[in-house]
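Please read the following note with the sequence and the model open side by side. The points are numbered so that each may be checked in turn.

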Amino acid sequence: MNSPKQEESAATDKCLADVLMKGGSGMLIGSVITLCFSRPRTYPIWLGLGFGIGLAYDCCQTRWKALNSDVR
């Protein structure tokens with residue numbers, strides 16, 4: 001059985017990994033869209049990054065709520 005501190009640390013690590021992976025993926029997709037479909041503008045890159053970080057934030061909230069409901 002993991003201690004609450006270890007579970008909290010694991011949830012934080014997963015959240016950071018989610019932010020990096022989903023944010024990077026969104027940025028990559030935005031870059032491809034910029035290169036293929038639009039003139040050299042940066043808004044698709046920022047939009048993709050925002051969507052990726054937003055998805056990661058939503059996953060982190062769900063993970064933290066589950067963790068907090070298990071602790072109580």
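1. Is D18 buried or exposed? With a relative accessibility of 15%, D18 counts as buried. Here buried means under 20% relative accessible area, exposed means over 50%, and partly exposed lies in between (1.4 Å probe, protein chains only).

2. A word on the basis of these values is in order. This is a predicted model, in which local features need pLDDT of at least 70 and side-chain atom pairs count only at pLDDT 80 or more, while totals for chains, interfaces and linings use all residues. Residues are numbered from 1 along each chain as its sequence is written, and side-chain values use heavy atoms, with hydrogens and water left out.

3. D18 is placed in helix α1, which covers residues 4–37. Helices are DSSP runs of H or I with at least four residues, numbered from the N terminus. Helix α1 has 34 residues and reaches 48 Å from its first C-alpha to its last, close to the 50 Å expected at 1.5 Å a residue. That expected span is 1.5 Å times one less than the number of residues.

4. The buried residues of α1 are A11, C15, D18, G23, G26, G30 and T34.

5. R63 is partly exposed, at 27% relative accessibility.

6. Apart from residues up to four places away in sequence, D18 touches G23, A56, C59 and R63. Contact means heavy atoms within 4.5 Å.

7. Which cysteines form a disulfide? C15 and C60 do, with their sulfur atoms 2.4 Å apart. C15 lies in helix α1 and C60 in helix α2 (residues 43–71), so the pair ties together parts that are 45 residues apart in sequence. The criterion for a disulfide is a pair of cysteine sulfur atoms within 2.5 Å, which gives a count of one. Both C15 and C60 are buried.

8. C59 is partly exposed, with a relative accessible area of 26%, whereas C36 counts as exposed at 56%.

9. T34 lies in helix α1 and counts as buried, at 10% relative accessibility. Leaving aside residues up to four places away in sequence, T34 touches R39, R41, P44 and I45.

10. F37 belongs to helix α1 and is exposed, with a relative accessible area of 71%. The C-alpha atoms of F37 and P4, 33 residues apart along the chain, are separated by 48 Å.

11. Together with I29 and I33, F37 forms a nonpolar patch on the surface, with about 350 Å² of accessible area in total. Such a patch joins nonpolar side chains (Val, Leu, Ile, Met, Phe, Trp, Tyr) within 5 Å, from residues with over 30% relative accessible area and no salt bridge. Accessible areas come from the Shrake-Rupley method with a 1.4 Å probe, and for residues only the protein chains shown count as cover.

Technical notes
Helices (H or I, at least four residues) and strands (E, at least two) are DSSP runs, numbered from the N terminus. Patches are made of residues with over 30% relative accessible area and no salt bridge: like charges are joined within 9 Å, nonpolar side chains (Val, Leu, Ile, Met, Phe, Trp, Tyr) within 5 Å. A salt bridge is a side-chain nitrogen of Lys or Arg within 4 Å of a carboxyl oxygen of Asp or Glu.
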